[in-house]
Structure formats: C-alpha cells, structure tokens
Amino acid sequence: MKKYAFILSVLMGCQSIAQAQSISAKNVEKHISFLASDELKGRGTGTKDEQKAAEYIANFFKEIGLSPKGTNGFEQVFKANIDTVHVLDARNVVAYLDNGADRTIIIGAHYDHLGEGFQRGSLDANAKGKVHNGADDNASGVAGVLELARYYAKNNIKEAHNFLFICFSAEELGLLGSKYYANNPTIDLSKVNFMLNFDMIGRFDEAKPITIGGWGTSPTWGEAIPSVMAKEKMAFKIDSSGAGASDHTSFYTKRIPVLFFFTGVHSDYHRPSDDTHLINFKGEAKILNAVTAIVNAIDKLPNRLEYRETAMPMARNMSFKVTMGLLLDYSFNGPGIKVDGVSKNRPAEAAGIKGGDLILTLGKYTLNTIYDYMGALGKFEKGQTVDAEVQRGNEKITVKVTF
C-alpha cells in the first residue's frame with residue numbers, strides 16, 4: 001500500500017507535464033509528412049528510399065544534440081533476408097542521451113514499410129508497383145520516437161535514466177532489426193529498465209480505447225498508468241503479453257519489461273491507402289504527452305522495475321483448440337520452426353522444449369514454415385499427445401507433447 005501511495009504521489013507531480021502539451025501536433029505532422037511521402041516510395045527494407053528515411057532520422061538526432069550509438073555513427077548495419085535468395089544491407093538508427101545514470105530507458109519504433117509492393121506483406125490484391133507509404137505503419141511510431149527524443153533532449157532536466165532512441169529496419173520482414181540490436185547491443189542491456197515501443201499510433205479515435213501492450217511484464221504498469229490515462233481522459237485496453245508482432249518482443253525475450261502503444265488495425269493496414277491525410281496528428285500528440293507523464297513517473301521511482309514473464313499470444317485472426325506456449329523466431333527461414341522462448345506451465349515446457357530448438361515435425365506433420373505449424377495446431381484436440389522431432393544443436397531428439 002505504501003508503494004502504491006508513493007507512485008500516486010509521484011504521478012500527481014508529473015501530470016502537469018502532460019497538461020502542458022509539450023509535444024505538438026505540428027511537429028508530429030512534419031515527420032509523418034516526410035516519411036510517408038511518395039518521395040520515399042514506401043521505405044522498403046534495404047532500398048535507397050529507406051536510406052533516405054534513415055538519413056532524415058539520423059540528422060534529426062544530430063540536430064537535437066544526441067550522441068550516435070550505432071556501429072557506424074548513428075547507423076547499425078545488418079543483413080536482412082528479403083526472401084530465401086535476396087539479402088540486402090539494412091540499418092537501425094540509434095541515438096543516446098547520456099544522463100550519467102545507471103539505468104536506461106529504450107524508446108523505439110520501426111521505420112521500414114512495404115516499399116512498392118514487391119516485398120512480402122501487402123494485403124492489396126495487385127500490390128506490385130504500388131507505393132505503400134505506411135503513414136500509420138509506421139511513420140506514426142517514428143514520429144513518436146523523434147518527438148520524445150526532442151522532449152528529453154531539450155527539457156533542461158537531467159532525468160535519473162539515460163535514454164536510447166532506436167528506429168528499426170526490417171520489422172516487416174520478421175522483427176529483424178530489433179532482434180539484431182537485441183543480440184548485438186551497443187549498450188549494456190542489463191542496465192535497461194524498460195523498453196517502450198510505438199507501432200501504429202496515428203489513428204487515435206476518442207470514441208475507442210487505445211491498446212497498451214506488455215501490461216503483464218511488470219506490476220508497476222498497473223500501478224502507474226491508469227491515473228495518467230484518467231487524467232488525460234483517454235480510454236485504453238490492455239494486452240498483458242510481452243510478445244507480439246512488433247519490436248518490443250525482441251527485448252521482452254531478453255527479460256526486459258516492455259510497453260507497447262497501438263491505436264488499432266484499420267482497413268488501410270498494409271495497403272497503398274495508408275496515407276498521411278488519414279492521420280490524427282492531434283490525437284497522436286495527446287498519446288505522446290501521456291507517455292511523457294508515464295515515463296516521468298517511472299523515472300522518479302527509486303528501484304528498477306520488476307520483470308515478469310507473461311503468456312505467449314496466439315496468432316492474430318486464428319483460433320485453435322490447443323496451444324503449445326511458444327514464442328517463435330519469425331525471421332527463421334526453415335526447415336523447421338525456431339523457438340525463441342517457452343511459456344511456463346504450457347505443453348512445450350512440459351515436453352522439455354527449450355529456446356533455440358528447431359521443431360521439425362509435430363505429430364504426422366512436417367514443419368517447414370510457421371504456416372505449417374499453424375496448420376498443424378488446428379488439427380489437434382485438448383488432451384491429445386503427439387511426438388515432436390526436435391533439433392537441438394547437432395542432436396535430434398523426439399519429445400512427447402500433450403495438449
């Protein structure tokens with residue numbers, strides 16, 4: 001009870017910051033208008049047009065006085081598999097605000113999108129040759145990162161945390177950029193207090209709740225966030241899982257508490273019609289100002305956040321009678337499906353499956369892709385036991401999975 005009272009008192013002191021509307025809709029609009037312009041041709045991973053977006057982000061970080069924290073200035077270059085044949089250079093853009101603290105907050109969003117429809121992911125029936133500008137997905141999230149970077153670089157306050165701002169490439173190809181950073185960090189991840197991710201925050205509707213994901217990854221979220229959202233008169237719903245189809249997953253698997261802000265899927269999702277004129281700039285600014293109040297409250301807490309493991313989410317738009325409790329590596333190209341993590345007290349853990357395993361078969365079904373796995377799950381019943389062939393390093397083993 002004392003802890004809860006303390007958090008509330010901290011929040012009361014921070015809410016005036018949100019009221020001040022420190023982040024302006026005009027600045028949000030400026031970023032999205034450039035990143036989602038036809039000039040950048042949809043920011044396809046590894047293209048010269050995505051490189052223009054990377055340069056814009058890096059120049060902004062430099063302009064506001066942040067330090068480069070990539071491996072080559074602000075950039076961290078890595079190889080991205082476009083498909084099983086083509087491999088291109090992609091780049092994360094990474095900047096650092098050093099407050100001399102022993103804790104760090106990571107704030108990120110992906111800046112790649114679907115280009116001109118030749119890379120996978122479009123929901124348009126005839127996608128090839130059509131520019132997918134990705135104003136909501138995810139120029140809106142990048143604008144959030146840039147404006148929070150401006151806010152913390154220019155507020156004349158030395159917070160009790162350092163800040164790492166990252167714009168990831170190749171998210172649309174399977175969270176490749178964030179996973180690469182999490183496996184090749186340019187700071188000590190053991191000192192990261194939490195990671196905050198924005199993916200599609202441009203369609204705020206006052207009549208609908210926004211989604212806050214990662215709720216279950218730390219008990220502090222349930223103590224700190226509701227009063228801020230009530231003050232801002234913003235309805236929200238929660239997603240407890242720390243894993244999902246966006247970049248916070250890559251940090252959750254490193255046992256870092258995460259938060260994920262999302263205003264919802266819409267009819268323009270992954271289509272050429274996701275354009276700037278449909279963005280609610282004032283609504284996004286309102287979200288970002290609420291976020292500053294949340295971050296400022298957490299900044300004043302004396303201790304690091306407690307990390308908690310959460311249940312793994314099921315795939316969107318698919319329902320199954322059974323689940324295994326697996327977090328999968330969506331960037332892995334098979335054969336087999338690669339396990340990134342295993343949820344406690346679920347069938348996979350009981351069978352002895354571990355992170356890093358490749359599952360080659362499940363029952364009578366051969367798993368060459370994640371879609372094979374999804375199809376196989378739909379065939380099983382609760383209580384059924386099947387054999388799974390697993391590759392662990394150089395060894396192949398067979399385990400029994402009971403659903």
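A residue counts as buried when its relative accessible area is under 20%, and this cut-off is needed for the first part of the predicted model described here. Helix α5, which covers residues 176-183, has L176, G177, S178, K179, Y181 and A182 as its buried residues. Because 6 of the 8 residues of α5 are buried, the helix is largely enclosed by the rest of the structure. The elements that cover these buried residues include the strands β2 (75-81), β3 (87-97), β5 (162-168) and β11 (337-342), together with helix α7 (248-252).

Side chains of opposite charge can pair when their charged atoms come close. Across the whole structure, a search finds 10 salt bridges, and one of them joins K79 to D89, with the closest N and O atoms 2.7 Å apart. Since K79 lies in strand β2 and D89 in strand β3, this pair ties together parts that are 10 residues apart in sequence. The relative accessible area of K79 is 59%, so K79 is exposed, whereas D89, at 34%, is partly exposed.

Another salt bridge is formed by D268 and R203, whose closest N and O atoms are 3.0 Å apart. Here the partners come from loops: D268 is in the loop between β9 (258-262) and α8 (281-299), and R203 is in the loop between β6 (192-198) and β7 (210-213), so the pair ties together parts that are 65 residues apart in sequence. Both D268 and R203 are buried.

A further salt bridge, between K400 and D387, has its closest N and O atoms 2.8 Å apart. This pair links distant parts of the chain, with K400 in strand β15 and D387 in strand β14 (residues 385-392), 13 residues apart. K400 counts as exposed because its relative accessibility is 57%, while D387 is partly exposed, with a relative accessible area of 37%. Strand β15, which spans residues 395-402, also holds I397. When the neighbours within four places in sequence are left aside, I397 is in contact with A388, E389, V390 and R392. The C-alpha atoms of I397 and I359, which are 38 residues apart along the chain, are separated by 9.8 Å.

Two packed helices are described by the angle between their axes and the distance between the axes.

On the α2 side the contact is made by K30, H31, F34 and L35, and on the α3 side by K52, A53, Y56 and F60. By class, the contact of α2 with α3 has 5 nonpolar, 1 polar and 2 charged residues.

Terms used. Residues numbered from 1 in each chain as written. Predicted model: local features only at pLDDT ≥ 70, side-chain atom pairs only at ≥ 80, totals over all residues. Heavy atoms only, no water. Helix = DSSP H or I, 4+ residues; strand = E, 2+ residues; numbered from the N terminus. Contact = heavy atoms within 4.5 Å. Buried < 20%, exposed > 50% of the residue type's maximum accessible area, 1.4 Å probe, protein only. Salt bridge = Lys/Arg side-chain N within 4 Å of Asp/Glu carboxyl O. Nonpolar A, V, L, I, M, F, W, Y, C, P; charged D, E, K, R; others polar.
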